[in-house]
Amino acid sequence: MNSVPLTKYGAELLKEELHQLKTKERRIVIDAIAEARSHGDLSENAEYDAAKERQAFVEGRIAELEGKLSSAQVIDPSTLDAEGRVVFGATVDLEDLESGQKVSYQIVGTDEADIKVNKVSVTSPIARALIGKSAGDVVEVQAPSGPREYEILEVNYV
């Protein structure tokens, strides 16, 4: 099985979700199934069917999270020494050469990616263009709207 890269923060979020599912959600589902069973005939019991469906979802998500965490390669960006190069976990300050707009992205694992908080997946076009580059380099990114050029202003490991 391939290792899944995760930042230290991303691994903590997955562990918290797993703990929540195992300690709270699982108990809620078990109680809902018991309640639905107490209503009698299970063949036409919508509450029972819904509870069993929720149980399947919760157990599936638990298995998925356990698998990801067991194969995770947890990387703490603050301990990286990549000599100013863009690597997994780095936060990169960029300037769009066409518009002059400045933006900052952290390169994270696919499970952590959230463009709303400027976290891009290591598999995204922009991250693939940035990996291995340093401050001062200009990169071309194939965006959906067409090619865009960015200058790397700064690379941080926080």
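A polar contact is a pair of N or O atoms within 3.5 Å, where, within protein, one atom must be able to donate a hydrogen and the other to accept it, and residues adjacent in sequence count only if both atoms are side-chain atoms. The model shown is predicted, with local features needing pLDDT of at least 70 and side-chain atom pairs counted only at pLDDT 80 or more, whereas totals for chains, interfaces and linings use all residues. Residues are numbered from 1 along each chain as its sequence is written, and side-chain values use heavy atoms, with hydrogens and water left out.

**View A. Asp 76 in the loop between strand 2 and strand 3 (91-96).** The side chain of Asp 76 makes a polar contact of 2.8 Å with the side chain of Ser 78. Asp 76 is partly exposed, at a relative accessible area of 24%, where buried means under 20%, exposed over 50% and partly exposed in between, with a 1.4 Å probe and protein chains only. Although 69 residues separate Asp 76 from Thr 7 in sequence, their C-alpha atoms are 5.7 Å apart in space.

**View B. Helix 2 (residues 46-70) and its surroundings.** Helices (H or I, at least four residues) and strands (E, at least two) are DSSP runs, numbered from the N terminus. At the start of helix 2, a side-chain oxygen of Asn 45 comes to within 3.1 Å of the backbone nitrogen of Glu 47. Among the buried residues of helix 2 are Tyr 48, Val 58, Ile 62 and Leu 65, and what covers the buried residues of this helix includes strand 1 (4-7), helix 1 (8-37) and strand 2 (72-75).

**View C. Glu 25 of helix 1.** Glu 25 is buried, with a relative accessible area of 18%, and a polar contact of 2.7 Å joins its side chain to that of Arg 54. Leaving aside residues up to four places away in sequence, Glu 25 touches Gln 20, Arg 54 and Val 58, contact meaning heavy atoms within 4.5 Å.

**View D. Ser 71 in the loop between helix 2 and strand 2.** Ser 71 is buried, with a relative accessible area of 12%, and its side chain reaches the backbone oxygen of Gly 67 at 3.1 Å.

Technical notes: The expected span of a helix is 1.5 Å times one less than its number of residues.
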